[in-house]
Amino acid sequence: MKAGENTAKVGGPTVYESSDLFRGASEIGIEHDGAIYRLKITRQGKLILNK
């Protein structure tokens with residue numbers, strides 16, 4: 001996908017590129033239902049979500 005572009009299959013989830021979300025950072029915050037969650041990229045390139 002190109003930068004800034006997202007796609008959704010009919011009836012499926014919207015897909016975002018992680019590089020668009022992280023913008024060079026290794027950790028971002030996501031607010032959900034009043035709580036902040038941390039989404040991190042590990043040294044192995046995997047994603048971890050913590051509350």
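Is E27 buried, partly exposed or exposed? I looked this up first: E27 counts as partly exposed, because its relative accessibility is 34%. The terms work like this: buried is under 20% relative accessible area, exposed is over 50%, and partly exposed is in between (1.4 Å probe, protein chains only).

**Entry 1: ground rules**

I am reading a predicted model, where local features need pLDDT of at least 70, side-chain atom pairs count only at pLDDT 80 or more, and totals for chains, interfaces and linings use all residues. Residues are numbered from 1 along each chain as its sequence is written, and side-chain values use heavy atoms, with hydrogens and water left out.

**Entry 2: the sheet**

I went to the strands next. Helices (H or I, at least four residues) and strands (E, at least two) are DSSP runs, numbered from the N terminus. Three strands make an open sheet, in the order β3-β4-β5, with antiparallel pairing. The edges belong to β3 and β5 (47–50), each with a single partner strand, so one side of each has no neighbour in the sheet. From one strand to the next, the twist averages 25°. For that angle, axes are lines fitted to C-alpha atoms (for helices over the stretch in contact), and angles run from 0 to 180 degrees between N-to-C directions.

**Entry 3: β3 with β4**

I counted bridges here, since two strands pair if DSSP finds at least two bridges between them. Six bridges join β3 to β4, and the two run antiparallel.

D33 sits in the loop between β3 and β4 (35–41), and it counts as exposed because its relative accessibility is 75%.

**Entry 4: β4 with β5**

How many bridges join β4 to β5? I found four, and these strands also run antiparallel. K40 stands opposite I48 in β5, and I41 stands opposite L47 in β5. This hairpin has five residues between its strands, and G45 in the turn has a positive phi of about 85°.

R43 is in the loop between β4 and β5. With a relative accessible area of 86%, R43 is exposed. I also checked R43 against S26: the two are 17 residues apart in sequence and 9.3 Å apart in space, C-alpha to C-alpha.

**Entry 5: back to E27**

I searched for salt bridges, meaning a side-chain nitrogen of Lys or Arg within 4 Å of a carboxyl oxygen of Asp or Glu. The whole structure gives one. It joins the side chains of R38 and E27, at 2.8 Å from N to O. R38 lies in strand β4 and E27 in strand β3, so the pair ties together parts that are eleven residues apart in sequence. R38 is partly exposed, with a relative accessible area of 37%.

**Entry 6: one more positive phi**

Where is R23? I found R23 in the loop between α1 (18–22) and β3 (27–32). Its phi is near 50°, a positive value in a residue other than glycine. R23 counts as exposed, because its relative accessibility is 75%.
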